[in-house]
Amino acid sequence: MLSIPSYYPKQISFPKGQGVFPVNTIYSKSFFKPKSKAETKVIAAKKHSDSERRRRMRINGQYSTLRTVLPNLIKMDKASVLAETVRQVRELKRAVAEVEAACRHGDSDECVLPGGVDKLSLEQCDGEQEGLVKATLSCDDRPGLISDMTRALSSVKGRVVRAEMVIVGGRSKNVLWIQGLGDGKEGMVALRRALKVVIDRPIFAGLSKRFHLPQ
């Protein structure tokens, strides 16, 4: 008499707390069967194809953006878009160079317009009045900025004999010629510390003081 194998579902016991997973004995061996080389190649090719499709979508999206922002664009093919982009970038670089050259202060290489980065510099003025210090600071323009600088100078007993201020695009550049700091490096260190507090102060601090808001 031939024995007929049983095809009833069996159960595999997992560690305590993970429950019991019913597995048919017919598929229990093929469930953990490793993939063949052909299957691995197919999966890798599909992943590469999906990655390339996403890359092309990103590139096409950037071209669409350039077609929207570039002025006076006549031809819409990719080569024309790239050529116009290169031309516009060169024009912008030339315009920036002209503006920087025009805003130079006399024979100095220092630009009179405020930069986009907060900056503080101190230097002693040789050949002019004794004890004269030039302080240059660039920061965000805000209500109460002049008052903050006045208090900072009063704290180090400095007296402003000349001042220049330029405000462009929400940025402020202030050049102060200061006397009365005393001799030695201690006065310069104290002035730098006081003005650094002015630069680092957030713009909301000036607004809260102006409108009596809690800081």
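The model is predicted, so local features need pLDDT of at least 70 and side-chain atom pairs count only at pLDDT 80 or more, while totals for chains, interfaces and linings use all residues. Residues are numbered from 1 along each chain as its sequence is written, and side-chain values use heavy atoms, with hydrogens and water left out.

Helix α3 covers residues 145-155. Helices here are DSSP runs of H or I with at least four residues, strands are runs of E with at least two, and both are numbered from the N terminus. The buried residues of α3 are Leu145, Asp148, Met149, Ala152 and Leu153. Seen down the helix axis, these residues fall within an arc of 130°, so they line one face of α3; the arc is that of the directions from the axis to the C-beta atoms. The face turned away from this buried side carries the exposed residues Ile146, Ser154 and Ser155. Buried means under 20% relative accessible area, exposed means over 50%, and partly exposed lies in between (1.4 Å probe, protein chains only).

Arg151 also belongs to α3. Arg151 is partly exposed because its relative accessible area is 42%.

After α3 comes Lys157, with a positive phi near 60°. Lys157 sits in the loop that leads from α3 to β5 (159-168), and its relative accessible area of 69% makes it exposed. Another non-glycine residue with a positive phi is Asn72, at a value near 55°. Asn72 is in the loop between α1 (37-69) and α2 (78-102), and counts as exposed because its relative accessibility is 75%.

Val99, Leu113 and Val168 make a nonpolar surface patch of about 220 Å². Patches are made of residues with over 30% relative accessible area and no salt bridge; like charges are joined within 9 Å and nonpolar side chains (Val, Leu, Ile, Met, Phe, Trp, Tyr) within 5 Å. A salt bridge is a side-chain nitrogen of Lys or Arg within 4 Å of a carboxyl oxygen of Asp or Glu. Accessible areas come from the Shrake-Rupley method with a 1.4 Å probe. Leu113 lies in the loop between α2 and β3 (119-124), and is partly exposed at 33%.

The structure holds zero disulfides, a disulfide being a pair of cysteine sulfur atoms within 2.5 Å. Cys125 counts as buried, with 14% relative accessibility, and Cys139 counts as buried at 1%.
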